[in-house]
Amino acid sequence: MKTFKISYILAATVIFGLSACNKFLDTTPDNRATVDSEEKVISLVGSAYSENDHILIAEFYSDNVDNYGVQYTGTSRFFDSIYQWSELQESNNESTERIWGSYYSAIAAANQAIIAIDELGGPERSTAMSQALGEAYLCRAYSHFILVNMFCLQYNKKTSTTDLGIPYMTKPETTLAPQYERGNVAAVYAQIEEDLEKGLALVGDDNYTVPKYHFNKLAAYAFAARFYLFYEKYDLVIKYADMCLGSSPATMLRDYDVLATMPNGSPQQQPTTLHYVDPSVNANLLLFTAFSVMGQAFGAYGTASMYSHGSYLATYEDCQAAQPWGTSAYKDAPSVYTGSMDRVIFWRCPRIFQYTDPVAGIGYVRTVYPALSTDECLLNRAEAYVHLGDYNKACDDLNLWVHNCNKTKDVMTPESIKAFYDKVDYWEWNKATVKKHINPVFGAVEEGSQEEAMYQCIVAAKRIESLGLGQRWFDVKRFGIEIHRRSMNMAGKPETLTDSMPIDDPRRAMQLPVRVIAAGITPNPR
Amino acid sequence: MSKKICMVLVFLLTMAGMLSAQTRTVKGNVVFSEDGQPAIGAYVSVEGTKIGGITDVDGNFQITGVPASAKFVVVTYLGAKEKKVAIADVMKIIVEPDSEVLEGVVVTGMQKMDKRMFTGSATKISANDAKLDGMADISRSLEGKVAGVSVQNVSGTFGTAPKIRVRGSTSIYGSSKPLWVVDGVIMEDVVEVSAEDLSSGDANTLISSAIAGLNSDDIESFDILKDGSATSIYGARAMAGVIVVTTKKGRAGQNHITYNGEYTMRLKPMYSTFNIMNSQDQMGIYQELQQKGWLNYAHTSTASDSGVYGKMYQLLSQYDPSTGKFALANTPEAKAEYLRAAEYRNTDWFDRLFSTAIQHTHSVSISGGSDKTNYYASMSIMDDPGWTNQSKVQRYTANMNLTYKIFSNLSLNLISNASYRKQKAPGTLSSSINAVTGEVKRDFDINPYSYALNTSRTLDPDEFYTRNYAPFNIMYELDNNYLDLDVFNFRNQAELKYTPIKKVELSALASVKYSQTTREHNVLDNSNQALAYREMSTSTIRNSNPFLYTDPDNPYSLPETVLPHGGIFQRTDNKMYGWDFRATASYNDQFGEDHMLNLYGGMEVNSVDRHAVWFRGWGMQYDMGEIANYNYLVFKKSSEDGADYYTMGNSRERRAAFFGTGTYSFKGRYIVNGTVRYEGSNRLGKSRTARWLPTWNVSGRWNAHDEPFMKSLYPYVSHFALKASYSLTGESGPSWVNNSEVKISSEIPWRPSSGLRESHLYIASLANEDLTFEKKHELNIGFESGFFDNRINFAFDWYKRNNFDLIGLTNTPGVGGEVRKYGNIASMKSNGVELSLTTTNIKTKDFSWSTNFIYSHTKNEVTDLLTSQRVIDLISGTGFAQEGYPNHSIFSIPFKGLNSEGLPTFLNESGNVTVTDINFQNSDPDKLGFLEYSGTSEPTDVGSFGNTFKFKRFTLNVFMTYSFGNVIRLDPVFKNSYSDLSSMPKEFKNRWVVPGDENTTTVPVIASRWQNKKYTSLSYAYNAYNYSTERIASGDFIRMKEISLSYELPSKIVKAMKMNSMSLKLQATNLFLVYADKKLNGQDPEFFNTGGVAVPVPKQFTLTLKLGL
């Protein structure tokens, strides 16, 4: 009887002791933050932007580079493998592993913020909370959008329901290494659309002290325009592009008149590039910082001098070639480098060195790039008009774009565009022209038609607009452009064709990072 | 009164018994002579029979059925001399403690256990035996004293912790540090310093020793708990073993005052023991450098670092208008004379930078007691003027230990301990490793030891040369660039013991601990480090000095200084406040004659709060009234770099545990023991499931010597016991892996200009709900034996450990946002043997000779570790873990000989032989195979061999330690370019000079300027050489650790001086290496020459005076 009592008392003590202890042990071990206020939520969403860019790889994957190895030897194993479209074995700040990790990390921050907002009472709590939620949804949508376009085949109505997608993360990961299914591209697009619409409904500019580094309203519309263009919902492209560009789009475009007056010559590259990514420039809608050498690889540095957007490409295919709008009279003239490399490039993203150890010269090479701009948005709208058959409106936008960045006063019409392309031969690897065969994923286009000429013009404008910004790779995928790897000779002319990527090449979906595959994610077929 | 009645009753009853039978019952009580405390569990046997009994908790025994013919009982008790006593009906037996035999009590920090009942593997060592005089930090003296414990003095600077391993490492990323328990309370480090960082030489190693504040004279004994059975009472903190320190207490009836003084003289290191070139040979090398295009006027006169040549060029252009002459005439004769002076200079840097000044320690203690009170109080002062410049230490300690018996069943013990330490050290910054080229560097390093080893002997020690473009002289710099360290430790504890009924003891212990350390790094106005920030005397220097700042907002701006005035003041504060509370109950009972039961259980809670502040102040004008005269540019620059202005951090540790242990003994021969502990920690986050860990052990012991059949072997086999245990213990892993819930931190993301800055919260670590403790299963089997009346004692242990759930890096799908994550994915297994042999070879009245041999072997292997490390991590420092290899394995780049130009060639990951195509950052597991396994950096076989000779009042002790099985990376002395500051080891004499030499030598050429142009990344080649198979040495050594002679003055003389005792001891410590790899060229195999604050343990002589009043 007595022992019974004692054990009873003992048990009670232990239970009480345990629960008291649990409270005692709830003390946080360090200065980690608990996201329990509106201010903290807003601050957390601020980290839902990737700090590792996909642009360098995308640009190197596209047809914007040739191999100048016989003359110039600046390269590394990283550049070699991305130029050769081979699987990346090495990890650096711009490798596929970082892209994968960093965009998913941005998604994790968005998801964590969404949970925190929910715990704080949801978007109904205040405008600040609903706008923060909007930003979080947009960040989540944007990161998934980049990932699906980098690591999967292009969205299209025919095969996307079976093409491998990427895991769509709507909750933070809470275990060490859970397994995921990749789903399909169509499903990922559907989920992006859902998040995007939720984000568009809530987004606002009130929370931001540095709005251009966040999904502000205009950036959200520009993103929507790009997304729906890829998603083949062209009415919506026009709707959101209109909202982004407003009633007088000309005032929203890049200030090429200013850029034209910026100092020229090597040491002055820095001020010019810094101006290109200045948040006060209307054209810059959303700026990302990145651990990136793109300021070197697409600038006056010997980095990757083996692979360049060289004079041959420039002269025959894009920024120095004759185009429907005339020849190369760009206000911000492309810089031409000879001697230590054969490179023709617009100064765009800066190369900034962040010292962690000034004595050893150790630190990070950084850049800032416009992830979304009004110029791109304008061209997206022009493309949407072409899809809808409204060639005149498309021409209006194209003219607007041309007259902003080019000194020409000529006005293009659907007829003049067709006339121009009728006279141009199709591109061959050693006889390059501005016209490559297109086999768009959104539907066959008859060669020689008015429609094809319009698309050709759009693609040409976009290639110039996005030179050094990686967008060309996505147009290569969307428009079904076969691309090639050429080795140039001592004269800088195509010598040999080393590889080709036909439109059905599985490498159009970049292979997932080695470690990710090792951890059990289904790789892309090869 | 009642006692007397009782006695009478007992007497009557006994009488009755005698009348009724031929046998009788014997009762009695066994106590120690020293303090009158009962001897628990002593075996009392009737001589000539198998009859016997064991004493209970009060020392009482009762033996029935004693034949009337029996005349004596024999009392055997481990730790006491065997005693034969004539039988009486009621006996009071007093036993003498026997220090010759292993001491009888194991202190686990919570419990005191009779060694005969103890089933675990533990070693007790008295402080007298362990103590190395002249070594103020007692943790160093454990080297070689205990089987299974390895102590590596990676740095000898006071306050730095030696690398201590109990049975080898237990974790891959964790510290593998044993737990220190002082008087029952766990000692917490004020900062967590990882295993690798211990040998880094960084300033925070100065506060890495948890017990540097303990006066070694206050320590009574150490108990090193090794296997899981011994440590399981500490459960989830004890994976790496426990070292229990017991401090001295007063004893009843013995009032003492003692003085202990130690005077230590340390030898200066000598160039003759190292393989460094003299200045003549060195100048020969410089001439070769000059021929190869180096050391020319254009580069050297404005080089960032330069020595005699740079100085010569500067003097050539230094015009004195008053005399109309240049400081050095530009004539071949004048230059030759200048250089010849350097050739004969042979500066002895060791002599200039080291001192033989006497370090002295004085400690006074008072102890004593009565029935009611025991007291011990002491104070000590340690004053070290410094072995090297700027390494003064003063330490003051005070200690008090009081026990008061409030009632016969209630006692209170109070312990209070305080220490303060003031220390100076050469100013140092943290070292960093350039993963690209593989170079380890520390800016502005002025460590005297590494300076003496690495600086050319051609320099004039009183002259200023150039470093970081600014004037530099080591003596001046040490006076103007130093660390001030203040360390305060305080501990108060109280323990109440209550015995409500005889068999039950309740105890409650509470303690508080506080320590505060302040580190001030003073870079004075005119120190080289401050001047480097404003050195722009020529336009060349202005453009190349990396410490100058160029305003990015103005593309046309010139570099300018951010520190126009004053020096740099840096302060780091670390505070630790902790408290512990423990309540326990113990129950001891004896059923019948043969059954003894001991139960012990309780709960404890611990709390530790740490607080750290770092601050850097620019422009402190030390010379101008200590006022801060800063430039705003310094803030602009820091803001643009994203650098910290100041930092602050708090961490909190909370633990709660419930534990219980039970021991049952049958006839004193068969003992089984079991322990469980249920521990919770807040380190693993808020998850209420992950935070708790149950740990346990089961163990047994067989005291075979008490078996009747063994009695016949006595005294040939005087002692034999077998024991075995199996246990689970744990550890919460590295402190930075604490993400059982999502860890959100704040950051200031980088932006191209400071106007765009905002602060963010970000996910520093995703949640890992499955995060759990690192764990270890351990099987231990061992025996202890004594032969020839314990003249020979031999103990042996074998163990096998299985460490699992260790923290490792793993690949994940990355979809959560982290491709690589830390989790419980790794495992490691280890096994080893330990033996100790103590023999008394000769024992006569006046002379005795005893020998002590200790050996332990441990071997571990990482069995699971899903990911691999970068090449640089595997080849440098203490190496790293790789699946299938021991923990801390060092790998080497395979050296493939010199090429026809004298440049080193290597095998690279593609299987090609190359000069420069080595990628130090490669971490692809498939491409690490080219690295050659060189060995582990942790010794596998360690121990000691000691001999003690006693002749009358003299004692001579010769003690050697040894360590085998590890490899050491040789100092990285090879570079693609050298300056006129470089000092070179003599192996440069065998370097490649002319084609054809590649067939006879492996020492690469001194690369010419032309070769550096031809191979643009030649630094890769020379760093690869530093980390190649050529630059690895065996770490095996045998060290003459101690030779000491002590003399105890005869009591007649002492009494005449009105004293109780007096002794003198002369001790030589660390005298020489009996054996070490020749490749080390005098480098201490234990020591990591990493610069900063690290210096090796010196060779020293200590005179100790002990007075008892």
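**Close-up views of a predicted complex**

**View 1. B:E262 and its polar partner.** The side chains of B:E262 and B:K131 are joined by a polar contact of 2.4 Å (a polar contact is a pair of N or O atoms within 3.5 Å; within protein, one must be able to donate a hydrogen and the other to accept it, and residues adjacent in sequence count only if both atoms are side-chain atoms). This is a predicted model, in which local features need pLDDT of at least 70 and side-chain atom pairs count only at pLDDT 80 or more, while totals for chains, interfaces and linings use all residues. Residues are numbered from 1 along each chain as its sequence is written, chains are lettered from A and ligands numbered from 1 in the order in which they are written, and side-chain values use heavy atoms, with hydrogens and water left out.

B:E262 sits in strand β17 (residues 256-266) of chain B; helices (H or I, at least four residues) and strands (E, at least two) are DSSP runs, numbered from the N terminus. Because its relative accessibility is 5%, B:E262 counts as buried (under 20% relative accessible area, with exposed over 50% and partly exposed in between; 1.4 Å probe, protein chains only). Leaving aside neighbours within four places in sequence, the residues in contact with B:E262 (heavy atoms within 4.5 Å) include B:D133, B:H360 and B:T1104.

**View 2. B:H888 in its loop.** Look for B:H888 in the loop between α16 (871-875) and β43 (889-892) of chain B. Is B:H888 buried or exposed? With 4% relative accessibility, B:H888 counts as buried. Beyond four places in sequence, its contacts include B:E196, B:F880 and B:E938.

**View 3. A:W100 and the largest nonpolar core.** This core has 175 residues, and those with the most contacts inside it are A:W100, A:F215 and A:W325 (a nonpolar core is a set of buried Ala, Val, Leu, Ile, Met, Phe, Trp, Tyr and Cys residues joined through side-chain atoms within 4.5 Å). Helix α6 (residues 127-151) of chain A gives the most to this core, with 16 residues. Not counting residues up to four places away in sequence, A:W100 touches residues of chain A, including A:L147 and A:F151, and of chain B, including B:P813 and B:V819.

**View 4. Confidence along chain B.** Chain B has a mean pLDDT of 87, and 95% of its residues reach 70 or more (pLDDT is the predictor's confidence in each residue, from 0 to 100). Among the elements of chain B, helix α1 (residues 2-20) has the lowest mean pLDDT (46), and strand β49 (residues 954-964) the highest (95).
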